[in-house]
Every structure is written in structure tokens, then in C-alpha cells.
Amino acid sequence: MSGMRKPGGSDTGDEGNEGDDGDDGDDGDEGRNAGPDLKGSSDLAQRGIKTDGGRSQQDIQPADRSTLDRDGDGPAVAVVGGGAVGITTAVDLAARGARVTLFERDELAAGSSGRAAGVLYDAYAEDVDAALATRAMERFRSLSDSLPGFSFTRCPYVIAVREGDPDADAVPEMVERMRSHDLDVSVVNPAALGERFPVETDDLAVAAVAEGGGWTDPGSYVEAMGERARGDGVSIETGVEVALPDAEPTLHVDGEERTFDAVVVAVGAHTARFLADAGIAVPVKPYRVQALVSGRPYAGPMVYDATAGVYLRAHPEGLLAGDGTVPREADPDDYEPGGDDWFREETAAVLRERVDHDPEIDRAWAGLCTATPDGDPLVGPLAEGLFVAAGWQGHGFMRAPAMGEHVAEGVLATLEAGGDGGNRDSPWIDAFDPTRFDGDEEFEIREGMTVRSRRGEKP
Ligand SMILES: Cc1cc2nc3c(=O)[nH]c(=O)nc-3n(C[C@H](O)[C@H](O)[C@H](O)COP(=O)(O)OP(=O)(O)OC[C@H]3O[C@@H](n4cnc5c(N)ncnc54)[C@H](O)[C@@H]3O)c2cc1C
């Protein structure tokens, strides 16, 4: 598939746009699915786990807030990183009785979460991904009703594949697998798509529509969860850059050592650098992706033009579009935060072509996603009392409500078991085992929104 990305492309681009825009197959079955074992521990009995022919599927249930331990004698857990993953983990740990301190070196949402596009969908073919996405979307919808300052706009998500794109042939089977997970996704012929939505379809070979999608402002999610966390007793220390001197739950904080029962590392693009200080090597590479906002109105569905590698959605100011992947390792402390000229130009051309939108580009920006050798994240225990959650391959925001919950439950179950969580009753997802790599793997960065990745294919 040809996507809008620059192989080995430049890391430089336009200056100063709103980088901190807070607004803003088959081998899957035999390869990857053989691995994940989603058994829950007895402490995770709230989850319904279905096992099917040697493969497991998890129906993650909402947190039961009635089980809160308000005695204040729960384990002391530090969460490092105030993005969507860290703040959700903090909220869910506190909801289960942990005494939580969250450290953020800047402000909440200052990292990738505050730069994300907020495109949310459950259109995944692989069973673990589908279960997590289902839970995440369920939680976004529920939080939209219950979390002040956060709202989620339901909107269908269209995957469009052009004539001549070899991925077109894979779409029907991919959709069939999505449907096997009870996801409301259908293959739609291009003419029917054009009748339903204001989308140009003449050059399309095939399309799929996921009815369960939506969009939100990622920064507002982090801020709103931050308020909830404070209300639930989480101590949020912003402007505090911490370090991990050893593979133990002890942090260097403002020149002091602070020891916890557990430390959860959710530092996004800084993961490899942060853990390297403790002598832990993980293959998590940051890479730039981009987004822009056009001031002209758009009222259609979310669209992912898979062949062009461009997604778009409605935005309070008009339209938001993005991808602009630069598949080259970026320096998380020194990357270009503005949108590149090529990204603006190529995205504008796709917008004109696909949805007849002549953009008035208000701002364009870049931020970092993180890649791993097999496209799956690193989630779970690294050492006794030390946990990581990173490597989202462009899907970290939309999965955060499910992953934060999973990490919180996993950490507490592991602490209760008194081990490193690597035993047979591990509450963790095997496919995401953070120790599955040596750490020095050579691998190419591949963007995460492609049809292939959605089918569960490894890079
Ligand atoms: C332009 C763009 C568009 C995107 N669109 C989408 C989308 O539509 N949907 C989607 O699901 N994902 C999207 N993503 C990806 C998404 O942003 C990430 O996967 C997600 O935000 C990761 O969340 P996180 O909490 O792991 O990391 P982050 O949000 O990066 O949070 C990590 C935090 O750790 C802090 N930190 C780092 N080091 C330290 C330290 N030593 N001490 C204390 N704090 C530290 C950082 O300051 C940062 O705030 C997009 C990304 C970009 C850049």
C-alpha cells in the first residue's frame, strides 16, 4: 500500500504551528492469535473470559467502583507520565484502592496525547485488539455522559481503498473477522458509499464502514481524567521530571530517592531513553506523524483513505486531517513540532479529491508515535514492582481507556501475587509481554493505521 509518508524523510518542516493543539489475513489468526493468552487472575474476576479452541478472548468489564478501598492502606504506586495512558492508569489504580502519585515532567497532556487527532474506532480484526477497542469505545461513550469536561462525538468511520491497491482484496476478509467479534462493520460497495455520504467514490475499489466510531479532543480527555484523579485522591506532581536509576520501584525525584510498591512507566516517546538509565533495553522507537486543521466546514463521516494514507474527521473549527508519517526514528527531546510543507500539500490534494474540501489550513503540527518490532505494545512487568505501558503504534489514545484499566488491574494483581506476574496465572496479555524482545532489535518503522496492521499482521 502506498501511504502518505516520507521514506527516510526530512525531520524538518514549517515553524511554529500549534504543536500543542489541545483541540483539537489470515496470518493474524495463526501467527499472532496463537500467542495471546488473556486469562484473568482471580483478582480480575470481573472480566468475562471466553476461550475458544485454544484461543482466548476477553470481555473486559467496567471497573466496579463499589469495591473501592478507601482505607488509605492500599499499595503505593507511582505512575510516570501524564498522558492518556498514565492518567487513565492512575484513575483506575486509585479506584481500586491504591495510593497513587503521578509524575509529569511538564503539564498533563504535554506529550503525544495533547497532539493526537482523537480519531476513535473499534475496527480491528484481531481478537485481542478487538476486545480492547470494544472496551475502550464503551468507556469513551460512558465517560462522555459522566466525566465533566469530556465529550465524545459518535461518527461512522469509513475505510476507503482505491482501485489498484493490493490491499483492496483483503478488505472483505478483514471485515468478516471484525464482524466475528460482534463489531458493527460492513463492506460497502463504492456506489452505495457515495449515496450515503458526501465522499468521492469513483476511484475506489472497495470500502468498509465501522458504525461504532467517533472522535474527541484528546487533551480534554487527559485534563478531565486529571480532575477525576485529583478528586479520587491521586497526587499529581507536574513540572517534575523523574528518573529510574535501577530496575526497581524507586525513582529519583528532585534529587531524592522515593520508593514505591510499584512504578508504572507511561512516558510515551521517552520510554527507551527513560528505561535505559536503569539498564533496561526496549525496542520502542519514536517517529513523527502529523495533523492539520482546516477552517472550512465539514459535516461528513470520518474517512481513512487507506491508499493515500490520510484520515480526516469533522472538527469544531472545520476539519482535522492527518497521518503524515515520517518512518524514521525521531529524537523525543529534539524533533520538529511543526507540520511539513509536503504534508500540507499532499493532504490538501487528498481532501480536495476525496471529500471535495478545499482546505483553509489554520495550523499543522507534528508529534510522536512509538513503534515496536512486531507492532504490538509493551505492557506488563519488567522487573519486580516495575511496569511499562508503551509502544502504541499510533493507537495509544483510542486504546487508553482500556489499557489504563488493564494496567491498573494487572499491577494490583501482580502485587497481590507477590511476584513479577510472569507465572501461569498472569493477568497480563502475553502478546504484549514487555520482555519478549532483547531490546537491541533492528527494525523498520511502519505506521499503524494501515489495513495490514488492522488485520493484525506483523510488520
Ligand atoms: C499528530 C498525532 C495524531 C494522533 N492521532 C491519534 C488518534 O487519532 N488516535 C489514537 O489513538 N492515537 C493517535 N495518536 C497517537 C497518540 O497520541 C499516542 O499513542 C498516545 O497519546 C500515547 O499516550 P501516552 O500516555 O502513552 O504518551 P504521552 O501522551 O506522550 O504521555 C507521556 C508523558 O510522559 C511525560 N514524561 C516523559 N518523560 C518523563 C519523565 N522522565 N518524568 C515525568 N514525565 C515524563 C511526557 O511529558 C508526556 O506527557 C496521534 C499522535 C500524533 C502525534
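**Strand pairs and a ligand shell**

User: What makes E16 and E20 a pair of strands?
Analyst: Strand E16 (residues 285-294) and E20 are joined by 10 bridges in the antiparallel sense. Pairing takes at least two bridges found by DSSP, so they count as paired. Helices (H or I, at least four residues) and strands (E, at least two) are DSSP runs, numbered from the N terminus. This is a predicted model: local features need pLDDT of at least 70, side-chain atom pairs count only at pLDDT 80 or more, and totals for chains, interfaces and linings use all residues. Residues are numbered from 1 along each chain as its sequence is written.

User: Why is E20 called mostly covered?
Analyst: In E20 (residues 361-371), 10 of the 11 residues are buried, which means 20 or more other C-beta atoms lie within 10 Å of each one's own, with C-beta atoms placed from the backbone (exposed is 12 or fewer, partly exposed in between).

User: Which elements supply the shell around the ligand?
Analyst: Helix H2 (84-95), strand E4 (99-104), E16, E20 and helix H9 (396-417) each give at least two residues. The ligand is surrounded by 42 residues, and Gly367 is one of the closest; a residue counts as near if its C-beta atom, placed from the backbone, lies within 6 Å.

User: What makes E5 and E6 edge strands?
Analyst: Strand E5 (119-120) and strand E6 (152-154) each pair on one side only. Their open antiparallel sheet of 3 strands has the order E5-E10-E6. E6 meets strand E10 (residues 214-216) through 3 bridges, and Arg154 sits opposite Gly214 in E10.
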